[in-house]
Amino acid sequence: MSDTDNSIGRLTDEFLRTVVEPLPVVDVHTHINGQDPAAHDIGEIIFYHYIVSELEASGVSHATIEGAKSVEEKVDLFLESYKRLSNTITYWCLRRVLELHGITADAELTREALLEANEKVQATHVDPTWPARALGERNHVRHTALTLNVTEEIPEFDTKIFFGTLRLDDLIGNVTAGTLGQFSALTGKAIDSLASFEGVARDRVASFAKGGGRALSLGLPPEEDFVSTHRDDAAKLFDRVLKERTLGLLERETLHSYLLEFFAGLGSEAQIPMQLLLGVRRPLPGNAAVVAVAPGLVSRYAALFHKFRELDFDIFLASAAHSQEAIATAKNYPNLSLTGFWWYAFSPPYIRTMLTERLMALPAVKLHAFFSDAYNVEWSAGKLALLRRELARVLAELMVSRYLSESQASDLARALLLENATRLYKL
Ligand SMILES: [Zn+2]
């Protein structure tokens, strides 16, 4: 190793320990259940869905994983198979999660250790103080976003630690007669035309924002372009969806573009930002989802960004291949910010590249470092450990290269982990 590599390594460790780890953090996107935020047992930790997908990719069958029902069976299956994936970054995160329950990162994984940890997980699951302790006290997470589906009842949750984002996919890219039926049943209002739908959706978004909701959120399919759409055309296509007719790709693009623009208008009226999750193609055969490199993935929405200049868009990217385009687009539109590293991009080589590019090209007020995408509070902590290490690493590299002073790096860490998201999401 060269002296430079050594000094980056040393500085990363020191900067992580003294600056980055103690900083409070905002997590702007998770799938945590606000009413039941903690893992029920060790099975939900060691068979977290990222781990399951890596086991299946390595040849452990879905039926085998589904067949392990009891905690003991799950622990045994895990111990038989985890070495297949112990090189991956998901496994590294898992070891950070297990640390929460007393298994140190270098300890050997044994049946006894995992079953002992299971008792702790089962105890913390029923301890109402655990979510705040796991997130706040132990990991300094100040606020955590919940994803609330627009077609479902909004559950009660602890607003001291959580805030709501309203997921719109079921009424935009995934809209069907079925999802419209659910939305109608939820709101108790008839939806028999685009006009009646617009009225119901307007009320729903307004009451969500009035009740403390902080953002709209949606994934957009990379295969669909964003096209300028006349309302009369959208109304005809909407009627066909209500009648359960299938739409062709161009027709879907037309309707979805109209609905996206409509909801952007509602976000603008309600003065809450809109999260756009870009770059994953799904479902593929076998219910798969992969990153898709698509031309103009971000810049295709330029007309939307320009039309709704007063609406803030927070962009999530699943592929580093779109990073430069996203940065250039954000440089042109003041209402665009870039957030975190989504799904397949949540790994050191991509985080380092994307974060370095962003820090060298964009004013820091437009950047947010972290969202966990976690399904329980334990995995939120595991993913945060990785992000903190990579943030410290990138800032250390920039300090060693003399592009940043230490005080600049400290200020940036605080802005990216806490201040910018606090301001954007009005927390
Ligand atoms: Zn997600």
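Two strands count as paired if DSSP finds at least two bridges between them. The exercises below apply this to a predicted model.

**Exercise 1.** Describe the pairing of β6 with β7 and the turn that links them.

Solution. 
- Step 1. β6 spans residues 280–284 and β7 spans residues 288–291.
- Step 2. Three bridges connect β6 and β7 in the antiparallel sense.
- Step 3. Check a position: valine 280 faces valine 291 of β7.
- Step 4. Turn to the link. The two strands make a hairpin with three residues between them, and glycine 286 in the turn has a positive phi of about 80°.

**Exercise 2.** Work out how the buried residues of α15 are arranged around the helix, and what they pack against.

Solution. 
- Step 1. α15 runs over residues 348–361, 14 residues in total, and its first and last C-alpha are 20 Å apart, close to the 20 Å expected.
- Step 2. List the buried residues: Tyr350, Ile351, Met354, Leu355 and Arg358.
- Step 3. Viewed down the axis of α15, these residues fall within an arc of 110°, so they line one face of the helix.
- Step 4. Recall the general rule: with 3.6 residues a turn in an α-helix, residues three or four places apart point the same way.
- Step 5. On the face turned away from the buried side are the exposed residues Pro349 and Met360.
- Step 6. The packing partners of the buried residues are α14 (323–332), β9 (336–339), β10 (367–368) and α16 (377–400).

**Exercise 3.** Characterise the side of domain 1 that touches domain 2.

Solution. 
- Step 1. Domain 1 is 38–125 and domain 2 is 130–424.
- Step 2. Contacts involve 14 residues of domain 1 and 16 residues of domain 2.
- Step 3. On the domain 1 side, α2 (42–46) and α6 (89–100) each supply at least two residues.
- Step 4. α6 gives the largest share, seven residues.
- Step 5. Sorted by class, this side has ten nonpolar, two polar and two charged residues.

Conventions: Residues are numbered from 1 along each chain as its sequence is written. This is a predicted model: local features need pLDDT of at least 70, side-chain atom pairs count only at pLDDT 80 or more; totals for chains, interfaces and linings use all residues. Helices (H or I, at least four residues) and strands (E, at least two) are DSSP runs, numbered from the N terminus. The expected span of a helix is 1.5 Å times one less than its number of residues. A residue is buried if 20 or more other C-beta atoms lie within 10 Å of its own, exposed if 12 or fewer, and partly exposed in between; C-beta atoms are placed from the backbone. The arc is that of the directions from the helix axis to the C-beta atoms. Two residues are in contact if their C-beta atoms, placed from the backbone, lie within 7 Å. Domain bounds come from an automatic or database domain assignment. Ala, Val, Leu, Ile, Met, Phe, Trp, Tyr, Cys and Pro count as nonpolar, Asp, Glu, Lys and Arg as charged, and the others, Gly among them, as polar.
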